[in-house]
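Reader: I've got a model open and I'd like to learn how to read it. Can we go through it together?

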Amino acid sequence: MIKNFFYYLIIFLSFTVYFAENVDSKEIHLKSRKFVPEELSDPVKIKRFEEIRRGVKRVHALIQMYHIPDKKERMAMENAGITLLDYIPHNSWLVVISGETVVSRDIRGNVRWIDLLTPEDKISPDIREHGVGKWARRPDGQVVLRVNYFSDVTLDETKTAMESLGVMIVRETPEFHTIDIVAEERKINKIAMEDIVQWIEEVPPPPVLHNNGTRLNTLAGIVQTAPYNLTGTDVDAGQWDDGDVDSTHADFGTPSRVTEVSNVGIKGVHATHVAGTMGGDGISSNGLYKGIAPGIDIFSYNFSGPRV
């Protein structure tokens, strides 16, 4: 019986590996679409590289390799002016191409396909199919969008490009290469045509103020009831967050199970929310918003506080 089990297991795993390598390995999974590009011959690759680079100092494109390049192959590509940015399944990358260095035969031999992204590739399918959501529409008819720019592009470059399009920036998040903008909806396609733009979507809808469902999703409710009756009592949990957990919140009991170790004097809304998810007893909501382990003791640290 055990022999038969391992026999069928080996067949299953072999089929899984074969399927993954031979069926899906050529399909590119963009957020906007999935497609299998046609493999390019070497003369076409040479022509495609020349067309992409012609007349520009820097351009962003999508490339598919035959395999994931090693460190040496990546270095050779960078020396030829091709830098891999974000990985895209399968064996594909968003790349930035710069300079006028000739792409060698060895590098071209590792490339299966390359081309520029289309404006449609950069726009959320929800916007393309249904238009901008109501929550992202302003009374004056303009829309609020979130734009990601490529990781090699500076914020100043992005601001200059948006200003040239008559677009107003209302929020900058350079650590995530993101800006929020206000623009006329008809300009979305024009914004997507900018080479520095990687992705366009609506700003997120307004946040919901509760976090109910966590116990269900983590199955914590099962161990909180008989025969387990686990609450986390006598367990210490450390939390590093922005500001102090509000130890006076009723859901942390009296006396409070929260110790404000850093005691920076600022009650963190996010810190208190996370602590409640971990260990609030839900008394303020008659148990509706009870945490994962409602009996734990929480030690609250600021981000800049000690690690232990």
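Reader: Among contacts between residues at least 6 apart in sequence, what percentage join residues at least 24 apart?

Author: Keep in mind that this is a predicted model. Among those contacts, 71% join residues at least 24 apart in sequence.

Reader: And the overall make-up? How many helices and strands are there, and what share of the residues counts as buried?

Author: There are ten helices and 13 strands. Of the 308 residues, 39% count as buried, taking buried as under 20% relative accessible area. The accessible surface comes to about 18,600 Å², with 57% of that belonging to carbon and sulfur atoms.

Reader: Let's zoom in on a sheet. In what order do the four strands of the open sheet come?

Author: General idea to begin with: strands of a sheet pair through backbone hydrogen bonds, either parallel or antiparallel. Here the order is β8-β9-β7-β10, and the pairing is antiparallel. From one strand to the next, the twist averages 25 degrees.

Reader: How many bridges join β8 to β9, and which residue in β9 does Arg171 stand opposite?

Author: Five bridges link β8 to β9, which covers residues 178–183. Arg171 has Asp180 of β9 opposite.

Reader: Which helix lies across these strands?

Author: That's α6, residues 155–164. This helix lies across β7 (143–149), β8, β9 and β10, and runs at about 165 degrees to β8.

Note on methods. Residues numbered from 1 in each chain as written. Predicted model: local features only at pLDDT ≥ 70, side-chain atom pairs only at ≥ 80, totals over all residues. Heavy atoms only, no water. Pairing = 2+ DSSP bridges. Helix = DSSP H or I, 4+ residues; strand = E, 2+ residues; numbered from the N terminus. Axes fitted to C-alpha atoms, helices over the stretch in contact; angles between N-to-C directions. Contact = heavy atoms within 4.5 Å. Buried < 20%, exposed > 50% of the residue type's maximum accessible area, 1.4 Å probe, protein only. Areas by Shrake-Rupley, 256 points an atom, 1.4 Å probe, with all protein chains shown as cover.
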